[in-house]
Amino acid sequence: MPMSVLYCRDPLNPRRVDEHFAPEAQEVRANGGAVGLIDHDALLQGDAQQAVAHVPAGLGNAWYRGWMIPSDRYAALAEALSRRGIELLVATEQYRAAHELPGWYSTFVDITPASVWCPTKPGEMLTAEDLAVLAEPLLPGPGIVKDYVKSRKHEWEQACFIPDLADVVGLTRVVQRFVDRQEEFLAGGVVLRAFETFSNLESVAAEVRVWWMDGEPRLLTPHPDSPFGRGLVPDLDHIRPAVQRLGCRFVTTDVALRADGLWRVVEVGDGQVSDLHQSSSRGELAALLVGA
Ligand SMILES: Nc1ncnc2c1ncn2[C@@H]1O[C@H](COP(=O)(O)OP(=O)(O)O)[C@@H](O)[C@H]1O
Ligand SMILES: [Mg+2]
């Protein structure tokens with residue numbers, strides 16, 4: 001049976017793959033894989049059964065590739081698919097472990113910026129006292145705020161970078177803006193991380209996305225936001241054991257070169273929902289998925 005990959009359907013043209021992923025899906029087919037479609041909107045609105053209504057039953061084991069899915073919705077997707085005889089190749093607990101910082105942090109603690117977190121509901125604001133206690137283990141120095149999954153790095157000064165974690169007023173202001181602007185999309189809770197100085201190439205951090213399949217680095221791509229092509233080759237010897245300990249079949253690590261020459265893991269992600277830089281080959285990723 002060919003390997004199957006489930007993509008998000010195009011909301012305007014439900015028989016087609018979402019245009020962001022269409023070239024990749026085409027390569028999956030070209031590599032002998034089967035493609036199924038799920039309705040990402042229905043899934044996020046709470047109707048998992050509707051989301052999988054057009055997935056052919058008996059597709060076998062499948063990867064998902066598409067837009068991010070909150071972990072509880074991923075669980076609903078896995079269950080709805082299972083009822084149609086389809087098993088996702090990444091179990092819900094593995095997805096959560098790779099997708100959310102608290103899931104992967106302890107495995108990567110020595111090779112990623114020091115971090116603390118506090119579960120919160122969207123819109124819920126931590127008090128200045130709560131934040132001071134939370135930030136304590138990271139002092140002294142600057143930091144960043146994000147949720148379990150995403151930052152607001154495009155609003156760096158306003159809602160991401162914290163110049164001094166010991167300045168409770170400044171800390172609270174940035175975290176408050178972050179929480180406000182995440183609105184109902186805030187995932188899991190608030191994360192604070194110690195800031196590390198990464199080396200810059202023309203003011204953009206030298207970040208590389210490493211795609212790991214079954215514990216081995218199989219593809220290196222520029223970070224999706226990077227204007228640079230290939231070229232930087234990170235040292236992964238100290239990162240491989242952590243990825244293997246995490247035990248997830250398909251993950252990405254975004255690695256950045258720290259000013260002292262060490263490659264650090266900025267972020268771990270589930271490979272199914274990691275974006276591929278526009279310059280990167282869809283064919284190589286498709287071959288990886290189909291050949292797994
Ligand atoms: N601890 C840190 N120290 C220095 N820069 C950081 C740190 N954490 C994140 N960054 C910078 O902010 C960007 C966004 O952070 P990241 O954790 O990758 O969030 P997102 O999920 O939004 O991509 C990173 O690509 C990196 O350039
Ligand atoms: Mg990132």
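Lining the largest cavity are H20, F21, E24, R65, D275, L276 and R282. Here a cavity is a set of points on a 1 Å grid over the protein atoms alone where a 1.4 Å probe fits but cannot get out, and lining residues have an atom within 4 Å of a point. This is a predicted model, where local features need pLDDT of at least 70 and side-chain atom pairs count only at pLDDT 80 or more, while totals for chains, interfaces and linings use all residues. Residues are numbered from 1 along each chain as its sequence is written.

So what sort of residues make up this lining? Two are nonpolar, one is polar and four are charged, with Asp, Glu, Lys and Arg counting as charged, Ala, Val, Leu, Ile, Met, Phe, Trp, Tyr, Cys and Pro as nonpolar, and the others as polar. The cavity's volume comes to about 30 Å³, taken as the space filled by probe spheres set on the grid points, which are joined across faces, edges and corners. A search of the whole structure turns up one cavity of 30 Å³ or more.

Now for strand β14 (residues 250-257), a DSSP run of E with at least two residues. Seven of its eight residues are buried, so β14 is largely enclosed by the rest of the structure; buried means under 20% relative accessible area with a 1.4 Å probe, protein chains only. Strands pair if DSSP finds at least two bridges between them. Seven bridges join β14 to β12 (residues 207-213), running antiparallel, and D254 in β14 is the bridge partner of R209. Another antiparallel pairing, again with seven bridges, links β14 to β15 (residues 263-270), where E267 stands opposite D254. β14 and β15 form a hairpin with five residues between them, and G261 in the turn has a positive phi of about 95°.

Key: Chains are lettered from A and ligands numbered from 1 in the order in which they are written. Side-chain values use heavy atoms; hydrogens and water are left out. On a 1 Å grid over the protein atoms alone, a cavity is a set of points where a 1.4 Å probe fits but cannot get out, and a pocket is an open set with protein on both sides within 12 Å along at least five of seven lines; lining residues have an atom within 4 Å of a point. Buried means under 20% relative accessible area, exposed over 50%, partly exposed in between (1.4 Å probe, protein chains only). Helices (H or I, at least four residues) and strands (E, at least two) are DSSP runs, numbered from the N terminus.
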